[in-house]
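Hi,

Here is the structure I promised to pass on to you. Have a look at it first, and then read my notes below with the model open beside them.

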Amino acid sequence: MEAKATHHVFFGLGSNQGNREENLRLAYQKIEKLIGRIVRQSAFIVTEPWGFQSSHSFLNSAICCETTLLPREILWRTQQIERELGRTQKSDNGIYHDRPIDIDILLYDDWTVNEPDLRIPHPLMLQRNFVMRPLMEILADCLPFCKNNS
């Protein structure tokens with residue numbers, strides 16, 4: 001039996017409702033259970049909401065995960081995790097809301113995916129300091145392990 005290829009996926013996570021740190025830690029646990037082993041994680045950073053007004057600041061982080069799953073399956077599982085952690089509405093057409101957890105797929109190896117509901121690399125990540133700061137913290141450490149598995 002042939003072993004499945006191992007891929008590296010980078011996620012950006014954020015929370016601005018409830019116990020933000022606990023929400024992120026629970027998301028990490030669920031990602032490890034449903035997607036794959038976390039090989040690197042950034043520090044948590046506090047940021048202001050982006051794209052909407054709220055009195056609740058965000059706690060953000062980035063992680064690198066090893067997985068045998070393909071991007072579509074990862075998207076489905078991250079959405080499942082968000083629902084399990086209490087997220088009831090997704091951002092739509094640039095309308096953002098407070099949320100207990102947000103999990104975005106930022107990068108998947110060196111792949112490009114351009115589908116209506118799944119774009120990799122994440123199309124807005126370069127515009128978002130709350131994504132790039134934690135991502136840059138872990139990216140250099142993970143790059144030697146990432147390879148093109150296409």
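**What I found**

Buried here means under 20% relative accessible area, exposed means over 50%, and partly exposed is in between (1.4 Å probe, protein chains only). Before going on, please keep in mind that this is a predicted model, in which local features need pLDDT of at least 70 and side-chain atom pairs count only at pLDDT 80 or more, while totals for chains, interfaces and linings use all residues. Residues are numbered from 1 along each chain as its sequence is written, and side-chain values use heavy atoms, with hydrogens and water left out.

The structure holds 0 disulfides.

**The overall layout**

The chain has 3 helices and 7 strands. Both are DSSP runs numbered from the N terminus: helices are H or I with at least four residues, and strands are E with at least two. Along the sequence they follow the pattern β-α-β-β-β-α-β-β-β-α. Of the 150 residues of the chain, 47% count as buried.

Contacts tell you something as well, where contact means heavy atoms within 4.5 Å. Among contacts in the chain with a separation of 6 or more, 71% are between residues 24 or more positions apart.

**Strand S1 and its partners**

Strand S1 covers residues 7-15. 9 of the 9 residues of S1 are buried, so this strand is largely enclosed by the rest of the structure. His-7, Val-9, Phe-11, Leu-13 and Ser-15 point one way from S1, whereas His-8, Phe-10, Gly-12 and Gly-14 point the other way.

Which strands pair with S1? Two strands count as paired if DSSP finds at least two bridges between them. S1 runs antiparallel to S5, with 6 bridges joining them, and S1 also pairs with strand S4 (residues 58-67) in the antiparallel sense, over 9 bridges. You can find some of the individual partners in the model. Leu-13 stands opposite Ile-103 in S5, Gly-12 has Asp-104 in S5 as its bridge partner, and His-8 has Glu-66 in S4.

S5 itself is mostly covered, as 7 of its 7 residues are buried. Asp-102 lies in this strand and is buried with a relative accessible area of 12%. Thr-78 is 24 residues from Asp-102 in sequence, and their C-alpha atoms are 8.8 Å apart in space.

**Two loops to look at**

Asp-109 sits in the loop between strand S5 (102-108) and strand S6 (113-115). Is Asp-109 buried or exposed? At 12% relative accessibility, Asp-109 counts as buried. Its side chain is joined to that of His-7 by a polar contact of 2.6 Å. (A polar contact is a pair of N or O atoms within 3.5 Å; within protein, one must be able to donate a hydrogen and the other to accept it, and residues adjacent in sequence count only if both atoms are side-chain atoms.) Phi of Asp-109 is near 45 degrees, a positive value in a residue other than glycine.

The other loop, between strand S7 (118-120) and helix H3 (129-142), contains Pro-121. Ile-120 and Pro-121 are joined by a cis peptide bond, with omega about 0 degrees. For background, most residues other than glycine have a negative phi, and most peptide bonds are trans.

**Helix H2**

Arg-72 lies in helix H2 and is partly exposed, with a relative accessible area of 37%. Leaving out residues up to four places away in sequence, Arg-72 touches Glu-115, Asp-117 and Leu-118. The C-alpha atoms of Arg-72 and Glu-115 are separated by 9.9 Å, although these residues are 43 apart along the chain.

Enjoy exploring the model!

Best wishes

Definitions and conventions:
Disulfide = S-S within 2.5 Å.
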